[in-house]
Amino acid sequence: NPAIPHDTTPDAHRIQGEIYAKMGGAARLTVAFELSETVRQLAFAGIRHRHPHYTDDQVFHAWARLTLGDALVRATWPDRELVDP
């Protein structure tokens, strides 16, 4: 049984689990993609808040650095300087 998040009551956690169990696999996958997009947009907003002068391209590369790590970013874009996230 997954741990209950600190901001969720046990009853709410149980109800959420029941709702997810009743959804089909495609619906659960849709929810997962929507949550992933929301988290990505929040990360972008945080980067933009910390670095308001960044271009969209720099915001993307800062996010890539956060999610992929320096080694993979350098391997993927070897000619680019790392930007602070």
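These legends go with close-up views of helix packing and salt bridges in a predicted model. Local features need pLDDT of at least 70 and side-chain atom pairs count only at pLDDT 80 or more, while totals for chains, interfaces and linings use all residues. Residues are numbered from 1 along each chain as its sequence is written, and side-chain values use heavy atoms, leaving out hydrogens and water.

**View 1. Helix α2 crosses helix α3.** The axes of α2 (residues 25-50) and α3 (residues 56-68) come within 10 Å and cross at roughly 115 degrees. Here helices are DSSP runs (H or I, at least four residues), numbered from the N terminus. Axes are lines fitted to C-alpha atoms over the stretch in contact, with angles from 0 to 180 degrees between N-to-C directions. On the α2 side, R40, A43, F44, I47, R48 and R50 make contact (heavy atoms within 4.5 Å). Their α3 partners are D56, V59, F60, A62, W63 and L66.

**View 2. E37 and R40 pair up within α2.** This salt bridge (Lys or Arg side-chain nitrogen within 4 Å of an Asp or Glu carboxyl oxygen) has its N and O at 2.8 Å. The two residues sit 3 apart, about one turn of the helix.

**View 3. D56 forms a salt bridge with R48.** The closest N and O atoms are 3.3 Å apart. D56 is exposed at 59% relative accessible area, whereas R48 is partly exposed at 37%. Exposed means over 50%, buried under 20%, and partly exposed in between (1.4 Å probe, protein chains only).

**View 4. R80 meets D57 in a salt bridge.** Their N to O distance is 2.6 Å. R80 lies in the segment after α4 (70-76) and D57 in α3, so the pair ties together parts 23 residues apart in sequence.

Notes
Left-handed = near helix turned anticlockwise from the far one by under 90°.
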